[in-house]
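Hi,

Here is the structure I promised to pass on. Have a look, and my notes follow below.

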Amino acid sequence: MTQPKLNIDEAKLNEFMGKALADMGAAINTSLVLIGDRLGLYKAMAGAGPMTSQELAAKTGTSERYVREWLSAQAAGGYVSFGAGKFTLPDEQAMALAVDNSPVFIPGAYQIIASTVLDEPKLRAAFKTGDGVGWHEHNCNLFEGTERFFRPGYSAHLINEWIPALAGVEAKLKAGGTVADVGCGYGVSTILMAQAYPKSKFFGFDYHAPSIEWASASADKAGVSDRVTFEVASSKAFPGKDYDMVAFFDCLHDMGDPVGASKHVRKSLKPEGTWMIVEPFANDKLEDNLNPVGRIFYSASTLVCTPASLSQEVGLGLGAQAGEARLRDVVTQGGFKRFRRATETPFNLILEARP
C-alpha cells in the first residue's frame, strides 16, 4: 500500500497525541474500574479516610500487591488521591463510584464499554458486510451495564420530573391507569413506576427473553409483582389495548422499524392516551453534537444501537443521535397528531406524542 503524503504541523500533532494519550489512560482504566467495583474496593474506601494498600487489602480480602498497583493507577488518573503514603477516595468520587443509588453512579457505563471491546470482532465483521448485530448477540456485560448505568437517571428524574411534565398523565396514574413499558430490558423503569403509582397496572415488554426473566425476578424482590407483568414481545406486536400510557425508554432508535412501532403504539393507546418517548439528548445537526456527550452517544450508537437496528426488519438505523426533528417524523408517520418536547436533561430528550 502506498503511504500517503502528509504535511505535518508539529504543534497540531503534539496536541492530538496528548488527546490520544489521555484516551489510552481512560480506556485501560475500564478494567480497573470494573475490578474496583466488583471487588468492593471503592465501597471499602468510601468515607473511610486515608488508607494504605495493606489496610484496603485487609478490609476487602484481596492481595496487597495487586491493590497497591491498582491504587497507584487510580491515583495517577485522579480517581483517588495520594498523600503521606496513604490513598483517599474523595467524597465526590465516592458518590460516582461507590453509592449505588446515587444519581451519578457510573460503574455500569464501564460494563457497557467492556462489552463493546469484547464484541469488537463481531462489529468489525459487520462493517464489512453491512449486516446488523442484534442486542441479544452482545456480551452479557451490556445488559447488566445498561441496567446499572440508566437506573440512577431514571430514579432521579422519571417520577419527579418526566411524568409530571406530560399532560394529565400523573393524575391518571395516581388514580389507577394502565401502562405498557416497551423495550423494558431489566425492568428498572417499569418497577420504579409501579412503586410510585400503586393503583396502576404496568406491563413490561422486551424481545430479549433473558432480560424479561431478570425483570420478573426483580419485580418479585421489589414487592410489586401484584401490579407488574413482564412478557416477551416485540415493539410491533406487544399485546393489549386502551393503555393510558405507552413508554419507550432509550430504545426507539434501536428498533429496525420505528415507524411500524409507532403505528402499533397508536393502535394500543386510548383515544386520549400518551406515548412517552425518552431518547438520548441530541441536536438535529451533527455539528451541534460534536461535544463530549455526543462523542459517547455516537460511539455507543456505532457499536450497539445502529447494529441493533440493522439486524431487524426494515433496518432504518436511526442511531442514538437522531435528534428531535427526525424522531418527530417517525412518530407522525405512525399516525400521531400531537408531538412536543415535554422536558429534557443534559443526557435525555423526553418527548410526548398524542393521537
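In which hand does H3 pass H4? The crossing is right-handed, a term for the near helix being turned clockwise from the far one by less than a right angle, with anticlockwise being left-handed. Helices here are DSSP runs (H or I, at least four residues), numbered from the N terminus.

Before the rest, some ground rules: this is a predicted model, where local features need pLDDT of at least 70 and side-chain atom pairs count only at pLDDT 80 or more, while totals for chains, interfaces and linings use all residues. Residues are numbered from 1 along each chain as its sequence is written, and side-chain values use heavy atoms, leaving out hydrogens and water.

Back to that pair. H3 (residues 53–60) and H4 (residues 64–76) pack at about 120°, with axes 9 Å apart (axes are lines fitted to C-alpha atoms over the stretch in contact, and angles run from 0 to 180 degrees between N-to-C directions). On the H3 side, Ser-53, Gln-54, Leu-56 and Ala-57 meet Glu-64, Val-67, Arg-68, Trp-70 and Leu-71 of H4 (contact means heavy atoms within 4.5 Å). That contact has 5 nonpolar, 2 polar and 2 charged residues (Ala, Val, Leu, Ile, Met, Phe, Trp, Tyr, Cys and Pro are nonpolar; Asp, Glu, Lys and Arg charged; the others, Gly among them, polar).

Elsewhere, 5 residues from H11 make up the largest share of the lining of the second largest pocket (a pocket is an open set of points on a 1 Å grid over the protein atoms alone, where a 1.4 Å probe fits, with protein on both sides within 12 Å along at least five of seven lines; lining residues have an atom within 4 Å of a point).

Cheers

Methods. Helix = DSSP H or I, 4+ residues; strand = E, 2+ residues; numbered from the N terminus.
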